[in-house]
Amino acid sequence: NDVVDVTTIFGGVKKNILSKSFKGGEIVAFMGGTELDLTQADFSGRIIIDSFNMFGGIKLVVPPDWDVQSQVVAIFGGVDDKRPPATSIDPNKVLFLEGTCIFGGVEIKSY
């Protein structure tokens, strides 16, 4: 699927996204967790993932050359980019995170 639409309430979801024309999507986590592995996904240009998380967590695993920009509003929560400093960022791959995080966390990683 080219668009991700995940809702977790009191539970968890773990997905591997394999789309070669990924378009972004929406994640809602309420007292639950969502983990998206985007290392096999591909896109060109700019995509948006809109997230809302309350008392839960969202973990995104992205390729190291993606440019990840966050505009997530955190209220008693946080957004943590745990990726090592990239040696080269592809300017044609911009993942834009937006949304709200209340008493929860968003974690961005790459392997």
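Predicted model: local features only at pLDDT ≥ 70, side-chain atom pairs only at ≥ 80, totals over all residues.
Figure 1. Followed along the sequence, the elements are arranged in the pattern β-β-β-β-β-β-β-β-β-β. Two of these elements, strand 3 and strand 4, cover residues 24-30 and 33-37, and a loop lies between them.

**Figure 2. Overall dimensions of the protein.** The C-alpha trace extends over about 35 × 30 × 20 Å along its principal axes. The radius of gyration of the protein is 13 Å, which agrees with the value near 13 Å for a compact globule of 111 residues.

Figure 3. Among contacts in the protein whose partners have a separation of 6 or more, 64% are accounted for by residues 24 or more positions apart. Of the 111 residues, 38% are buried. The accessible surface of the protein amounts to about 5,900 Å². Carbon and sulfur atoms contribute 54% of that surface.

Figure 4. Eight side chains are shown here: Ile-9, Phe-10, Met-31, Phe-55, Val-73, Ile-75, Phe-76 and Phe-103 make a nonpolar surface patch of about 860 Å².

**Figure 5. Met-31, a member of the patch.** Met-31 is one of the residues that make the nonpolar surface patch. Met-31 is found in the loop that lies between strand 3 (24-30) and strand 4 (33-37). The relative accessibility of Met-31 is 37%, and therefore this residue counts as partly exposed. The cut-offs explain this class, because partly exposed residues fall between the buried ones, under 20%, and the exposed ones, over 50%.

Methods
Residues numbered from 1 in each chain as written. Heavy atoms only, no water. Patch = residues over 30% accessible without salt bridge, like charges linked within 9 Å, V, L, I, M, F, W, Y side chains within 5 Å. Areas by Shrake-Rupley, 256 points an atom, 1.4 Å probe, with all protein chains shown as cover. Salt bridge = Lys/Arg side-chain N within 4 Å of Asp/Glu carboxyl O. Helix = DSSP H or I, 4+ residues; strand = E, 2+ residues; numbered from the N terminus. Buried < 20%, exposed > 50% of the residue type's maximum accessible area, 1.4 Å probe, protein only. Rg over C-alpha atoms; globule rule 2.2 N^0.38 Å. Contact = heavy atoms within 4.5 Å.
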